Amino acid sequence: MYASHYKLRGRPFQLSPDHRFYFPSRGHKKAMAYLTYGLNERDGFIVITGHVGAGKTTIVGHLLNQIDQSKFVSANIVTTQLGSDDTLRMVARAFGLPAESRDKASILKDIENFLIARRVEGKHVVLVIDEVQNMPFDAIEELRMLSNFQMDNRPLVQCFLLGQPEFREKLAQPEMEQIRQRVIATCHLEPLGTDETKEYIEHRLKLVGWTGDPEFTDGAFDYIHQVTDGVPRRINALCGRLLLYGSLEDTHLIDEHVVQDVAREIAEEAGASARPVPSPGGNLLLDD
């Protein structure tokens, strides 16, 4: 609805991760550098942490979209509370291997044969584990065991572990020592600053043909940052609603008053007590 009203080519603030909208903030560029370093090393684990909606999945999607697809094979797993055998089955499925009604030894052998075949083809295999903080120790240990598969003294698979901040605490536990020894780089994504929040919003708008309609005031950008704490997914949720509100009200100016009204609506819908958007320095969180 609002896309046509503002003559945009698409919706710039979708909540699902989309690597096409990758924004190179300071933190995201650092994470990209670590991931790229890991790919060049073709060894060990890379750990990227950040709060819900920080952009971890988008970063990895952007990286994997940039690499030479003829030289890499990648698979993505979003975890829940998995046991060790469930983890191996999910890895097998991610690589297109049969996993149902098969014992652990058979699954492991199939995975090893798959990895060896890719290495013979000259391809590097990358396994992305999303929401890794949900995995119990024994499931993470299975990932470490997969890294033991080697050829010519090089691991046959490399893992990117993406998780929420609590994974950093889990990784520091004594029983994770062997996993820590395989980690070659870690990076924690911080929220966007005030200046980056403005740049992020304008970046996404320009990718769909925005030429200044609607106009966002400086006050609006400041309020958006306060309301969302600079978390990208929260920014998307709020800005999508701002554009919808603007199209329904047929307004071409988004100022702090519009942000205040829309933020209050979202808070009420989420069951929070209605209160105005804070003055500078305050805070009003939106649900992810």
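Mentor: Let's start at Pro17, which is partly exposed, because its relative accessible area of 47% sits between the cut-offs (buried is under 20%, exposed is over 50%, partly exposed is in between, with a 1.4 Å probe and protein chains only). Before going on, the ground rules: this is a predicted model, where local features need pLDDT of at least 70 and side-chain atom pairs count only at pLDDT 80 or more, while totals for chains, interfaces and linings use all residues. Residues are numbered from 1 along each chain as its sequence is written, and side-chain values use heavy atoms, with hydrogens and water left out.

Back to the proline. Pro17 belongs to the loop that runs between α1 and α2 (26-41); helices here are DSSP runs of H or I with at least four residues, strands are runs of E with at least two, and both are numbered from the N terminus. If you leave out residues up to four places away in sequence, Pro17 touches Thr57 and Thr58, where contact means heavy atoms within 4.5 Å. Gly61 is 44 residues from Pro17 in sequence, yet their C-alpha atoms are 8.3 Å apart.

How does that fit the chain as a whole? Of the contacts between residues at least 6 apart in sequence, 75% join residues at least 24 apart. There are twelve helices and nine strands in the protein chain, and its C-alpha trace spans about 60 × 40 × 35 Å along the principal axes. Of its 288 residues, 49% are buried. The chain exposes about 13,500 Å², and 48% of that comes from carbon and sulfur atoms; the areas are Shrake-Rupley values with a 1.4 Å probe, and for residues only the protein chains shown count as cover.

For charges, you get 32 positive and 41 negative side chains, with the centres of the two sets 7 Å apart. Lys and Arg count as positive, Asp and Glu as negative, and His and the chain ends are not counted; each charge is placed at NZ of Lys, CZ of Arg, CG of Asp or CD of Glu. One of the arginines to look at is Arg118 in helix α5 (residues 104-120). At a relative accessible area of 15%, Arg118 is buried, and beyond its neighbours within four places in sequence it is in contact with Val73, Lys123 and Val125.

Ser101, in the loop between α4 (84-94) and α5, has a positive phi of about 55° without being a glycine, and with a relative accessible area of 81% it is exposed. Glu131 also has a positive phi, about 60°, and is not a glycine either. You'll find Glu131 in the loop between β3 (124-130) and α6 (137-146), partly exposed at 24% relative accessibility. Further along, Asp213 and Pro214 are joined by a cis peptide bond with omega of about 5°; Pro214 is in the loop between α9 and β8.

Next, α10, where eight of the eleven residues are buried, among them Phe221, Tyr223 and His225. The buried residues of α10 pack against α9, β8, α11, β9 and α12.

Then α11, residues 232-248: its 17 residues should span 24 Å, and its end C-alpha atoms are 24 Å apart, which agrees. The expected span is 1.5 Å times one less than the number of residues. Its buried residues include Arg234, Asn236, Cys239 and Leu242, and what covers them includes α1 (2-5), α9 (194-206), α10 (218-228) and α12 (256-269). Just past α11, Asp250 has a positive phi of about 55°.

Last, the cysteines. The disulfide count is zero, a disulfide being a pair of cysteine sulfur atoms within 2.5 Å. Cys159 is in none, and the nearest cysteine sulfur, that of Cys187, is 18 Å away. Seen from Cys187, the closest cysteine sulfur is that of Cys159, and at 18 Å it is too far for a bond. Cys159 is buried at a relative accessible area of 2%, and Cys187 is buried at 4%.
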